[in-house]
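Dear colleague,

My findings follow directly after it.

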Amino acid sequence: MIGRSLVGRFVRSSASLAVCGLLALQGTEAMAWSLEEAAAPYEGTTIRTVGEALPPLEAMAKLKSEFESRTGITVEIEMYEHSEAVNKVMLDLNSRRGRYDFILQPHRELGRFVANGHLEPVERFMNDPSLRDPSFMPEEQLYQGLWHEISWYEGQVYGFPFTALNMYMWYRDDLLNDPNERAGFKEKYGYELKPATTWQEYTDIAEWFHRPDEGFYGTALQGKRHEALWYEWLNFLYSFGGDMLETNSGSECGPVVVNSPEAIASLEYYKSLLAYSPADSLNYTWDEVMALMQQGKVYQMIMWNDATYAVAEDHEASTVAGKMGFDIVPPQANGEPVGQVEGWTYLIPAGSKNQEAAYLFIQWMMEETQQLNQHLNGGATARPDVYAHPDVQAISYSQASMDTNAAARPKPTIPESPQITDILVRELSSYLSDAKNAKEALDDAAVEMSELLGDCAPLKYPVE
Amino acid sequence: MRTNRIIERVLDHGVAPLLLVPSVILLFVILLGPFLYMVWTGFTDLHYALPNRDGAFVGFANFRRLMQDDPIFWHSFWLTMKFVFGVVLVEFMFGLGLALLLFHYIKQHRFILTLLLVPMMLAPIAVGLIWKLLLSGDFGMFTYYLRYFGLADQQTSILGNPSLVMPAIMLIDVWQWTPFVTLVILAGLLSLPKEPFEAAIMDGARPLQIFRDVTLPLLRPIIALVLLLRGIDAFKEFDKVFILTGGGPGISTEMLSIYTYRINFRDWDLGYGAVCAFMVYLVVLIMCSVFYKAVYWNEGRSKTVGKAAS
Amino acid sequence: MAMVATLIAILILFLTPYLWIVMTSFKTRLDILSDAPLWFFTPTSENYPTIFIDKNYLPLVWNSMIVASFSTILSLAFGTPAAYVFARYDFPGKEDLFFFFLTTRMAPPISIVVPMFLLFSVLGLTDKPIAVILAHTTFNVSLVVWMMRGFFADIPREIDEAAMMDGHTRGGTFLRVLLPLAAPGLAATAVLCFILSWNEFLYAFILVAFEGRTLTVGIPGLVTPHGTLWGQVAAVAVVATLPIIFFTFLVQKHLVRGLTFGAVKG
Amino acid sequence: MAVSYNQISKVFGDGTVALDNLNLEFEKGEFIVLLGPSGSGKTTACRILAGLEEATGGSVTVDDLEVTSLPPRERNMGMVFQNYALYGHKTVYENIAYPLRIRKIDNGNIDSRVRAIAKVLQIESYLDRRPSQLSGGQAQRVAVARALVWNPEICLMDEPLSNLDALLRLETRTELKRLHGDLGQTFVFVTHDQEEAMTLGTRIAVLNGGKLAQFDTPRRVYHEPATRFVAEFIGRPAMNVLDGEVAGGVFRSGTFELPVTGQPNGPVALGVRPEQILLQEAPTDQTVSFDLDVLELVEPDALMFVKKDNTSLVVRVMHDTTGLDRSSQIHLEFPEHTRHFFEISDGRRRS
């Protein structure tokens, strides 16, 4: 379980690194590589992309003018709300009209695209010395686990991470350090108030701070029937030692384990937190819990890195800016940390007529300067060197985010994975609204998942 | 010029039904074409997400799955039926009452009507968001006053409670569409002839009897029409529910449109989605046909098309 | 008096949510998210420029205008001749065809929209406003036919004949004489078509390109993982209703008469 | 011949026969009245001439040109409708000007012609009004003005006076007559009112059941009705027609007996107009005695409804009727030249 995350990948990456290194050394023309020269054949073309309307994409929209002026390639960016962006791409790819030259998509969609031949592997461009910037070395410059999780499928590389999103624990640092709270907490629970390192502590802290009569809550769950619920629960599932499928990589199919005793325990524990969460929790997604945190109404929650800035740093929008603390979610029982990550990735559709120009732009965007700019504007880079930058280190949540990235756990990216998500969201929501108990809900989900996936995914925990 | 003359000749000689041709062609190409494609898709395994599902013919497999192996569809089906009958009934009763009330004041205060129509002018998607804000448990104005007047306790979450959420969605629909029903019924009331009412008064009928024996029967065709239009649109209700609950909690608001949306736009199982959609279409069509024939409002209208007598 | 009071009460009930939205559009984020509803607050006008200038939503208003206007015009252009035929001529299967027009409203848009997208792809029309204009036209044509039939039926036949005696062709009679006479009905029908097209989401979203996004398509973009931008949502909702309210005020005189669908006179 | 219906038939879609083999010819400049009860086909005949209705058989020619299938606008005819059919959204001026505008006459010309016709019809002061602001009579004049303004060869009028009140109807009738005299156009006028027909028409075509019963001058239609139907339809009160039998120079109907000359023995119907019956002070050998049943005074005339057993007659006299009351004995004379004889079988006039 532990070993599968990073080590295996490192070996594969090293191999391709060697190939690329050879290429880089091949001749003088590679040494003399310049963006202007590489882009010369594509001058005057227009490349179009589509993604979710969020700060990183807005940052890209501001950055692109430099690329445009250097290359003569025009970049058009379409920004949509999350599910709109996914739907637009699905329709475009399936009608094979090639409107988009590169796309920005959540990595859970990857399997669908690859399996239906909608994507162009980027290896071809990476191996083309006229396109490949010798200084661009993803094998060294990116978090390898993240890169493989987000942009690889069945050993093929299809792109690079656009944002490396992850979830970690948010808490009110000001209250944590309040002497009265600390004294009271210690008196009641017999240990010092600190960021939770176990789920028992997490519950104790939530209980301690839960004061609904004052409009203040111990935590806030994202309980609406929405992807947010699934993402949030995954943190608990992984930490309790469970998983959805028993596989070694996201592109594999394997036995269904979503109804394991660990999974059931994690779900029951998750629901127990409803007692310390506002009454409206079953109506929340990331949107509402963030608003609550901004208003200073919640002590702690598990939340996304790309939302952190607006709560922790943005004094305009947040009443708790500068008062927040962050840490990785409580680890598994064996002490091994675990991280729930989700990425949006750059991909190049097979139907695009301007793949080379698109690659050049993506490659340019992956440069440290651009990555830093994007990251500081609300992005979530996959480059450790950007994280190491002093400006980034100064941000209060950088350490938690880096820790989580390092503990990234792969999740299914097979073609059926969005459907699996949909099934689980429905069943989790049914459990939260008392329509089923935890075992029933997860058993039902497991059966449906197994039927959906077929022979490769038998039930590991049979349903009687 | 030449073709103009030909068209004129055609029109002059009573083949004017040809004027129907453009609209029929439009409907056939833009709507019927895709509709037939959708029906065809229902017999295939077309799936945009899974590999090797390129639309091979599978016969009635999708239909079988729908009929025998999809409890959620049937849950959605009955939920939608309840929703349609519920909202149409309530909107009709409210709308009729409001129309009767407005009837006496409309002449002087036409602007009242325009104001009343505001909910109907809002985009359904905006309505969904607006009510999400109003019903929010933390900063929702509506919830606040419910609690303030003791109608709900601190723990009540309207959209998070499986037994409250559906009535809430129905109320929102009633809020949005009662004005439309009012408007149409009011229009009907204003165009009624005066004589039958005067005759009924002379016959000694009391107001309630007049309403029952004269107003309602005379309004029958327009009531039928408004029920028909609202019924059809209520069946397609999507935007509001999608924004408000996304079908949850659990599957307590998973209406047919939401379910079909998931099949089509989340799972991209177009073959099965087509069958679901076709089923919905069939049910609406049958219900409307039966209703249409039962009320038979075309009987009255064909009179206007009678021949000019000599 | 009690009646007037009831009426006013109902009106207030119906309008409060809208009023709240108007107020919300002038509130800061913190005011919007306050614990108790704030009826008195220091208004801010920042939501409007933020959404329409900074976020560049102004072109979306224009796109909506284009789509709604053209689809309304087209619906009327296709629908009124058909309505005229239904009002004036008899032919076998007439009432069935009439019902067919209504059935076009019954097809679930969620499943029609994908084949329609493919159709427009084949025709090379996707991403052009014409695609969504045509789509809106198809579902509004039925409404036009159903409403306008009653209107034409209300006009005495002698008017047609007088016009023809005056020297018009049948087409001329329809265009120059009947349409102007049916203007109130036309106005009411147009308002309804406009509202439906203006507010439509699904077709507009699937069929139109990013550059041609309508205002409704822009609304979900304000529900971000960083929080719903309530002030901006409210500003968009307010701006989106203004043209319709204006339009409705213009034709309010005709609206009531216009909506009888000619059904009562029969 | 200027205008001619040749064997025109019209059967509607529902099987109703509106016209059955109609033949009718008349000259330009005439004032032709199509007269008949409802359902007689008179309106259909007019509309077929207008081109608003297409005949199912036969042809229509104008000036030897076949127009049967020409659309209305190519026939050079104007029309006044029973309900006037004015365009509610245009002013009176524009209503009248409309046919000229369609014919693309220049504005100055339009103005002078509209004002000219408005002067003739005395509606100059209403030109700026809307049709809804006009009285019935005014609207009617506007409709006539619209039909005539562009000087069509033939002006068709479909019961144009029937929506006017009685007094106005008389006035307008006179005016139409004058108008026809002044303009000299061909008028074709549809009515069910025999009095209008008699006063207006240069010739009257009486239709019955889709067939032409008689086509002649008012005078001859009145004095020599071609059929019993025409006889009964023309004249008010209607002609008295008694079904009876001639035997030996005596006409008998019930107990009513009247010596007749020149009629063969056999069944026959005898018709006498109420106004042509003479009232005598005392019985003579020329008179028949009746009982007075009802007396109606229509000053200066009097209508007497008289009975003799089962035989009832109406008599119209200008006598002073004072002193008469119910059950008075009345002595009536039926002068020879006022008697009409019709076949019982088909109603045709016996010459």
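How many residues does H7(C) have, and how far does H7(C) reach from its first C-alpha to its last? In this predicted model, helix H7(C) comprises 26 residues and reaches 36 Å between those two atoms. That span is close to the 38 Å expected at 1.5 Å a residue. Of the 26 residues of H7(C), 25 are buried, so the helix is largely enclosed by the rest of the structure.

I turn next to the contact between chains C and B. Chain C contributes 80 residues to this contact and chain B contributes 86 residues. On the chain C side, the helices that each supply at least two residues include H7 (129-154), together with H1 (2-24), H4 (58-88) and H13 (230-258). The largest share, 13 residues, comes from H13(C). By residue type, the side of chain C that touches chain B divides into 53 nonpolar, 17 polar and ten charged residues.

Chain D is described by its domains. The domain assignment gives domain 1 as residues 3-233 and domain 2 as residues 240-342. The centres of these two domains of chain D, taken over C-alpha atoms, are separated by 39 Å. The contact between them takes five residues from domain 1 and five residues from domain 2. On the domain 1 side, the residues that touch domain 2 are two nonpolar, one polar and two charged.

Yours sincerely

Conventions: Residues are numbered from 1 along each chain as its sequence is written. Chains are lettered from A and ligands numbered from 1 in the order in which they are written. This is a predicted model: local features need pLDDT of at least 70, side-chain atom pairs count only at pLDDT 80 or more; totals for chains, interfaces and linings use all residues. Two residues are in contact if their C-beta atoms, placed from the backbone, lie within 7 Å. Helices (H or I, at least four residues) and strands (E, at least two) are DSSP runs, numbered from the N terminus. Ala, Val, Leu, Ile, Met, Phe, Trp, Tyr, Cys and Pro count as nonpolar, Asp, Glu, Lys and Arg as charged, and the others, Gly among them, as polar. Domain bounds come from an automatic or database domain assignment. The expected span of a helix is 1.5 Å times one less than its number of residues. A residue is buried if 20 or more other C-beta atoms lie within 10 Å of its own, exposed if 12 or fewer, and partly exposed in between; C-beta atoms are placed from the backbone.
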